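Please read the following alongside the sequence and the coordinates. It walks through a few local sites, then through some of the elements around them.

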Amino acid sequence: MRKSLALVLLAAMILLAACTSSKPAPAPQPAAPEAPKNVELQFVFPVAVGGAVATAVENMVKDFNTANPNIKVTPVFAGNYQDTMTKVQTLTQGGTPPEVVVLQATDIFTLTDLKSVVPVDNYVAADKDGQAYIADFLPAFMANSKIDGKTYGIPFQRSTVVMYYNKELFKAAGLTAAPKNWTELVDFGKKLTKADGSQWGLEMPSDGNPYWTYSGFFIQSGKNVANDAGTEVYFNDPAVLEGLDFIMSLSATHKIMPKGVIKWGDVPNDFATGKAAMIYHTTGSIGSLLTKMDPAKFGVAPLPAGKKGGSPTGGGNFYIMKSTQDKQDAAWKFIRFMTDTQRVAAWSVATGYVPSRKSAQETQTWKDAVAKFDGYKAAVDAMQSADREMATHQNQQVLKAFGDQLQAVIGGSKDSKTAMEQAQKDATAILAPFKK
């Protein structure tokens with residue numbers, strides 16, 4: 001079964017690389033501005049050098065260069081999102097700024113404050129299919145792609161937090177489906193936890209800045225932690241405190257999750273080895289888990305609901321960096337190519353990222369993948385109640401203020417109310433210059 005699925009994933013990667021005689025060719029690209037000859041673009045992408053994802057991106061870029069001989073795109077792989085932002089800044093300061101990048105959707109305020117990106121609305125207006133193209137992206141992803149009515153980001157490798165559950169461990173505990181709400185989460189967790197610590201009912205990452213994973217609880221309690229304008233945060237709101245207290249109770253009171261810091265990378269590994277029966281993690285982990293586990297032995301589900309359902313979106317958008325007009329035009333053409341419906345579907349199957357376009361879910365590539373592993377569809381279902389990821393002006397400083405206090409709560413040095421009051425005070429001071 002695992003080998004069969006591996007072949008499916010390999011086929012998806014091949015689809016990304018080139019169209020074969022057995023697959024229909026991607027739909028013709030919509031009209032876009034004609035770039036003059038010999039335009040060269042640097043494309044900075046958040047992935048480590050080497051590996052399947054890097055190979056897939058390289059093949060997609062190669063296909064574009066072949067189809068557009070007057071444009072040469074050179075991919076630059078820069079590591080994680082933070083490393084990628086640093087790389088973009090380094091290149092810019094060195095006088096060779098990249099023309100097109102994939103950065104976190106939440107970087108939108110930072111990029112516009114620096115006046116380093118351009119909106120794509122003029123391109124959309126000039127494109128005969130432009131409005132339909134933009135409308136095809138999932139609304140929750142577009143929420144982190146616009147500021148003041150202008151569109152700056154085009155969703156690409158986007159995700160949300162979902163629950164993974166081990167069907168074999170569930171069956172042994174007399175359980176048949178994922179928990180639907182917080183009460184069931186606790187009840188199921190107790191049945192799935194072993195007193196000797198060899199098996200935990202639940203794990204979720206809490207190292208670094210766990211705000212993203214935790215945001216699902218805040219949304220489910222009734223409050224996203226930032227406003228749309230990126231000028232206010234609500235860290236000390238009663239709903240946020242309720243969500244944070246519930247998270248802490250999972251280890252301190254209910255004892256279904258390990259105490260202290262749980263590393264991001266350890267969570268999927270613990271799940272694959274059976275040490276954790278349920279985990280909260282990104283949809284982007286689907287691809288790697290399918291290489292480690294029989295797809296019949298685990299499932300994917302939307303997060304258990306609190307007062308309501310909900311999960312934060314995440315991942316990266318395409319951005320066009322400020323450059324000469326001909327390079328900006330070429331960058332738009334490249335983005336349209338990379339976000340073609342068929343490519344989005346194949347990319348999502350190969351990586352586990354949620355298809356950013358609705359039409360991608362209608363492709364045979366996507367339907368075939370869902371038929372073999374219904375977890376892909378569950379990830380899409382989670383988007384029905386998803387809300388935007390926290391994004392503000394001076395986002396990294398605000399995140400640090402939040403993350404430092406979250407770690408104080410996790411470590412037990414502060415109670416949630418004291419910590420969140422301090423986080424609110426610090427963040428409010430950082431955002432004061434941006435209040436209108």
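Gln 157 is found in strand 6, residues 154-166; helices (H or I, at least four residues) and strands (E, at least two) are DSSP runs, numbered from the N terminus. The model is a predicted one, in which local features need pLDDT of at least 70, side-chain atom pairs count only at pLDDT 80 or more, and totals for chains, interfaces and linings use all residues. Residues are numbered from 1 along each chain as its sequence is written, and side-chain values use heavy atoms, with hydrogens and water left out.

With a relative accessible area of 3%, Gln 157 is buried, a term that means under 20% relative accessible area, against over 50% for exposed and partly exposed in between (1.4 Å probe, protein chains only). The Gln 157 side chain makes a polar contact with the side chain of Tyr 81, at 2.8 Å. A polar contact is a pair of N or O atoms within 3.5 Å; within protein, one must be able to donate a hydrogen and the other to accept it, and residues adjacent in sequence count only if both atoms are side-chain atoms. Leaving aside neighbours within four places in sequence, Gln 157 is in contact with several residues, among them Phe 45, Val 102, Gly 315 and Trp 347, where contact means heavy atoms within 4.5 Å.

Strand 3 (residues 100-104) is mostly covered, 5 of its 5 residues being buried. Which strands pair with strand 3? Strand 1 (residues 39-45) pairs with strand 3 in the parallel sense over 2 bridges, and Val 44 stands opposite Val 101 there. Strand 10 (residues 311-320) runs antiparallel to strand 3 and is joined to it by 5 bridges, with Val 102 opposite Phe 318. Two strands pair if DSSP finds at least two bridges between them.

Phe 318 is also one of the contacts of Phe 334, as are Phe 43 and Val 100, leaving aside neighbours within four places in sequence. Phe 334 belongs to helix 14 (residues 325-338). At 0% relative accessibility, Phe 334 counts as buried. The C-alpha atoms of Phe 334 and Asn 68 are separated by 9.2 Å, although the two are 266 residues apart along the chain.

Another buried polar residue is found in a loop. Ser 206 sits between strand 7 (200-203) and helix 10 (211-221), and is buried at 3% relative accessible area. A polar atom of the Ser 206 side chain lies 2.7 Å from the backbone nitrogen of Ile 262. Not counting residues up to four places away in sequence, Ser 206 touches Tyr 214, Gly 260, Val 261, Ile 262, Gln 407 and Ile 410.

Tyr 214 is among the buried residues of helix 10. Helix 10 is mostly covered, with 11 of its 11 residues buried. Gly 222 follows helix 10 and has a positive phi, near 115°.

The axes of helix 18 (residues 395-411) and helix 19 (residues 416-431) come within 9 Å and cross at roughly 170°. That makes helix 18 roughly antiparallel to helix 19; angles under 35 degrees count as roughly parallel, over 145 as roughly antiparallel, 65 to 115 as roughly perpendicular and the rest as oblique. Axes are lines fitted to C-alpha atoms, for helices over the stretch in contact, and angles run from 0 to 180 degrees between N-to-C directions. The contact includes Phe 402 and Leu 406 of helix 18 and Ala 423 and Ile 430 of helix 19.
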